[in-house]
Amino acid sequence: MGIQPGHLFDEIYFGNLINFEIENNQLVAKLGGQISPVGGYIGDIQITYIFKDKMYQVKSVEFIPHE
């Protein structure tokens, strides 16, 4: 079945699904990636921040694919 080619976005879209969590005393932002409006969730960009020099700074950025 799958997603019909006419329903695919031109580029991966990040912005509809954004969650913030605290893991191991670090701020983590998870941004869901979509390739179509319905059924097109492919995974998350996970950004981990540390608090340093009185501000949050990016520690790591990784893509976690949807299984």
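# A tour of a four-stranded sheet

Start with the whole chain: 4 strands form an open sheet in the order E1-E2-E3-E4, with antiparallel pairing. The edge strands are E1 and E4 (55-65), and each of them pairs on one side only. From one strand to the next the twist averages 20°; axes here are lines fitted to C-alpha atoms, for helices over the stretch in contact, and angles run from 0 to 180 degrees between N-to-C directions. Strands (E, at least two residues) are DSSP runs numbered from the N terminus, and two strands pair if DSSP finds at least two bridges between them. In general, the strands of a sheet pair through backbone hydrogen bonds, either parallel or antiparallel.

The model is predicted, and local features need pLDDT of at least 70, side-chain atom pairs count only at pLDDT 80 or more, and totals for chains, interfaces and linings use all residues. Residues are numbered from 1 along each chain as its sequence is written, and side-chain values use heavy atoms, with hydrogens and water left out.

**Stop 1: E1 and E2**

Select 13-23 for strand E1 and 26-34 for strand E2. These two strands pair in the antiparallel sense over 8 bridges. Tyr 13 has Gln 34 in E2 as its bridge partner. E1 and E2 form a hairpin with 2 residues between them, and Asn 24 in the turn has a positive phi of about 50°.

Now select Asn 25, in the loop between E1 and E2. Its phi is near 60°, a positive value in a residue other than glycine. Most residues other than glycine have a negative phi. Asn 25 counts as exposed because its relative accessible area is 79% (buried means under 20%, exposed over 50%, partly exposed in between, with a 1.4 Å probe and protein chains only).

**Stop 2: the salt bridges**

How many salt bridges does a search of the whole structure find? The search finds 2, where a salt bridge is a side-chain nitrogen of Lys or Arg within 4 Å of a carboxyl oxygen of Asp or Glu. Show the side chains of Glu 21, Glu 23 and Lys 30, which are linked in a network of salt bridges. Between Glu 21 and Lys 30 the closest N and O atoms are 3.4 Å apart. Glu 23 also meets Lys 30 in a salt bridge (3.4 Å, N to O). Lys 30 is buried, with a relative accessible area of 18%, while Glu 21 is partly exposed at 32% and Glu 23 is partly exposed at 29%.

**Stop 3: E3 and E4**

Select residues 41-52 for strand E3, which is joined to E4 by 10 bridges and runs antiparallel to E4. Gly 43 stands opposite Pro 65 in E4.

Is Gln 46 buried or exposed? Gln 46 is buried, as its relative accessible area is 13%. This residue is in strand E3.

Next, select Asp 53, in the loop between E3 and E4. Asp 53 has a positive phi of about 55° although it is not a glycine, and it is exposed, with a relative accessible area of 57%.

**Stop 4: a surface patch**

Finally, select Ile 12, Phe 14 and Phe 63, which form a nonpolar patch on the surface with about 260 Å² of accessible area together. Patches are made of residues with over 30% relative accessible area and no salt bridge, like charges being joined within 9 Å and nonpolar side chains (Val, Leu, Ile, Met, Phe, Trp, Tyr) within 5 Å. Accessible areas come from the Shrake-Rupley method with a 1.4 Å probe; for residues, only the protein chains shown count as cover. Ile 12 lies in the segment before E1 and is partly exposed, with a relative accessible area of 46%.
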